[in-house]
Amino acid sequence: MSRSVSRCAAVLVVALLLLSGAAVPVGATAVAGGGYQAVIRRTSFGVPHILAARLGDAGFGQGWAYAEDRFCDLADQVVKIRSQRSRWFGPGPGGANLGTDLGYLALGLLDRAREQADRFHGDARDLLDGYVAGYNAYLARTGAANVPGWCAGQPWLGPITVVDLLAYQRDIAISASGRNLLASAALAQPPGSATRTAPLPVDPALVADGLRRLARQATGAAPTGSNGWGVGGDRSASGRGILVANPHFPWEGEQRFWESQLRVPGRLDVYGAGLGGVPGVQIGFNPSVAWTHTVATGYRYTLYSVDLPPGDSTSYLVDGVAEPMTARQVSIDVDWGDGRPQPLPRTIWSTRYGPVLDLSAADPALGWSTSRAVTYRDANLGNDRLLEQWLEISRARDVAGVRRAISRHQGIPWVNTIAADHRGDTWYADASATPNLSAATTAQWRRDPFAPLDGSDSANIWVAEPGAREAGLIPFARQPQLARRDYVMNANDSYWLANEHRLLTGFSPLQGTEGTPRSPRTRQNIALLDGAGPPGRVDPARLGAAVLSDRALLSDQLTAAAVTACRGWGSRPVDVDGVPVDITAGCAALAGWDRRFDVHSRGAVLWRETVRSVLASHPGALTGAGALFGVGFDPADPAHTPRAPAADPVPLLTGLGRALLRLRSLDLAPDVRLGDVQYAVRGDQRIAVPGASNELGIANVVGYTSTPGMSLEPVTEGGDPLPGTDLTDRGYVVNFGTSFLLVVGFTDRGPAARGLLTFGQSADPASPHFADQTRLFGDARLREVRFTERAIAADPDLAVRVVRG
């Protein structure tokens, strides 16, 4: 008997004994306990494959394994969702903790979670109960002082509850809406000394920051994003489906993806990645279908202004009739610096729409006056379907099953869905929760999406329509969807261009725009799909190579023209803000560049800074004819316009001159190697990584953010950026971008996949799996994804444990 077959047999023996309740066999490490039990098989790179007899046991094993890798990520979020950050960490910078603690009380997430827990039953509840028990059992066995990561030994560590996770899942659901309005909800107080409480020491800049995040999210300009490709049987060499998942998410903080497999014989068999606190898998595959998500454009809320009756600032008018606002007395504990937390009471005010907001930091007219108040309604505040939604998707047998799962639950909060199956079918949908406005109100909203609607006129209330998850949302049947046998894709632009041969039109503008220019990344995604092979010859290997090719639309289309312009320009200096700049060394660097953003590429940094410089002077250059392109946008050909180099080379050559000055200020040569400038910091290691920023039109996006989600985890220092660019005195430090990369193809024997978790499975710098996959990413290499029992058993690093609790 071969070694792989014998190992497979041994693992199956463990499974059979587990199912029968027998003793753990020799060779498998056991963690004692009672009640729940699961087998955790760790393969190379630390990926856990959970095997269990029941869904609750699978949840237990997943919660335990997650705690081993990322305990602090979830513990930190539980403190946040309980409104206890001020208790443990003080008011925070600019009163940020006060804003979140009181803001979450204003939204009532814990109250909603308690109500949900009372009626939450079935398979999803079993999975959640097990996950909570597994996380807590790991903590009880390990002890707070010994958990991995930055939070070890902190006094705020403790067991979590089902209510905590239901509240946190709802927090994830509102991350494109109410999460950005927490400070404005906390600050809102009625005018007048009789009702007004003491001023809250929260920096108004937090309100403006939240509004900016909302704007970036709605227009597709948020740092987090993704590429998703579903290739069908008419394009694939096998005649079966292929899926490419490429989310661009943080490498630090609570929004890090985590990879795992759950197998419950006869009930569930799914592999993929998800966010901590949400049991199961959110992006992944099972034996017959694969799916991914991309952050959708569109609006998950509407702002309202309401008129107030004379002399009564805590009532508001609807169709001329006064309604009293709802007042809730809340209190948080705050450590003001002496280690003795003190209660801070506050009155929270709400209308029929939702919490009253103070947006005066953005516009004084949007404050709470004696005549008007601003409030808002959230499409995802009532979304209690996340766990059930992804569990049913995980059990689908084809793309039709994925569609049925979404139609039934309508729990997709703010993402597009792309799916491909073993039959060669693909499907795209933007099923994000979206307000349903009347035609007249939509026309008003369209004039300025960020201006409050008139909430004192009931004609502007969300329209209830049969088939929606919640009254006032657009029903799934009227949301953008597309089934194809060639391909579907999304790269964070709206639904309009999911396939260049079949534009989607006629949908609510609150879901996104139609007939508008697409981002360079969207257009490059289509170019990569078109260039991955002739029709009927695309395979997973070609698609994996394409997404990691590190080619970019702007360099493919414009670099040759820049080099030609250089030659025509000769040795004359370029004028950059009155400074003559010799660009000959820059021209030589671009001429020798391989047009890629690999770690060994020379000229990539110069080109990135050149484009950044042009865009700083010509902000619309990516969407029409002008400084970069000679042919403008054509709505009849959105995948290929704008295109062709601009006739006037001066803007591009001026950008090159400015880029040379920028590199010179950091003592960087024009042909500096990308890997010498762009890198990730993993513990005490500096690892060169490929990729580039979004505006260049590259699939493999990487970048830096000082605020990855809402975590209190210490963030890698990104350096001080130079004016007009994200290049810093430390180079390009990377802590977000390509995160979980997965390529799945279906064969006659089932799914075959390769993947990469770029920042590693473990958040513990002492773990061997803290930086191992970052090094693979630096080499632009995918690893094998082990799905079958035979593949798991054959892994050279296989470690098997049975956990009970």
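**Exercise 1. Find how helix 6 and helix 10 are placed against each other, and name the residues that meet.**

Step 1. Start with the axes, which are lines fitted to C-alpha atoms over the stretch in contact, with angles running from 0 to 180 degrees between N-to-C directions. The axes of helix 6 (residues 123-142) and helix 10 come within 9 Å, crossing at roughly 105°. Helices here are DSSP runs (H or I, at least four residues) and strands are runs of E (at least two), numbered from the N terminus.

Step 2. The classes are roughly parallel under 35 degrees, roughly antiparallel over 145, roughly perpendicular from 65 to 115, and oblique for the rest.

Step 3. Look for contacts, meaning heavy atoms within 4.5 Å. On the helix 6 side you will find Asp-123, Ala-124, Leu-127 and Leu-128, which meet Leu-387, Glu-388 and Leu-391 in helix 10. This contact has five nonpolar, no polar and two charged residues. Ala, Val, Leu, Ile, Met, Phe, Trp, Tyr, Cys and Pro count as nonpolar, Asp, Glu, Lys and Arg as charged, and the others, Gly among them, as polar.

A word on the model: it is predicted, so local features need pLDDT of at least 70 and side-chain atom pairs pLDDT 80 or more, while totals for chains, interfaces and linings use all residues. Residues are numbered from 1 along each chain as its sequence is written, and side-chain values use heavy atoms, leaving out hydrogens and water.

**Exercise 2. Work out which parts the aromatic pair of Tyr-66 and Tyr-131 ties together.**

Step 1. The whole structure has 23 aromatic pairs. Rings of Phe, Tyr and Trp (its six-membered ring) pair if their centres lie within 6.5 Å; planes under 30 degrees apart are stacked, over 60 edge-to-face, and the rest tilted.

Step 2. One of these pairs is Tyr-66 with Tyr-131, tilted, at 6.4 Å centre to centre and 35° between the planes.

Step 3. Tyr-66 belongs to helix 2 (residues 55-81) and Tyr-131 to helix 6, so the pair links parts 65 residues apart in sequence.

**Exercise 3. Describe the contact of helix 15 with helix 18.**

Step 1. The axes of helix 15 (residues 553-569) and helix 18 (residues 650-665) come within 10 Å and cross at roughly 85°. That makes these two helices roughly perpendicular.

Step 2. Leu-558, Ala-562, Ala-565, Cys-566 and Trp-569 in helix 15 meet Val-650, Leu-652, Leu-653 and Leu-656 in helix 18. The contact divides into nine nonpolar, no polar and no charged residues.

**Exercise 4. Describe the largest cavity and its lining.**

Step 1. On a 1 Å grid over the protein atoms alone, a cavity is a set of points where a 1.4 Å probe fits but cannot get out, and lining residues have an atom within 4 Å of a point. Points are joined across faces, edges and corners, and a volume is the space filled by probe spheres set on them.

Step 2. There are ten cavities of 30 Å³ or more, and the largest holds about 210 Å³. Of its 17 lining residues, Leu-275, Gln-282, Trp-390, Trp-414 and Val-415 are the closest to its centre.

Step 3. Strand 5 (242-250), strand 9 (289-295) and helix 10 (386-394) each supply at least two residues of this lining, and strand 9 gives the largest share, three residues. By class, the lining has 13 nonpolar, four polar and no charged residues.

Terms used
On a 1 Å grid over the protein atoms alone, a cavity is a set of points where a 1.4 Å probe fits but cannot get out, and a pocket is an open set with protein on both sides within 12 Å along at least five of seven lines; lining residues have an atom within 4 Å of a point.
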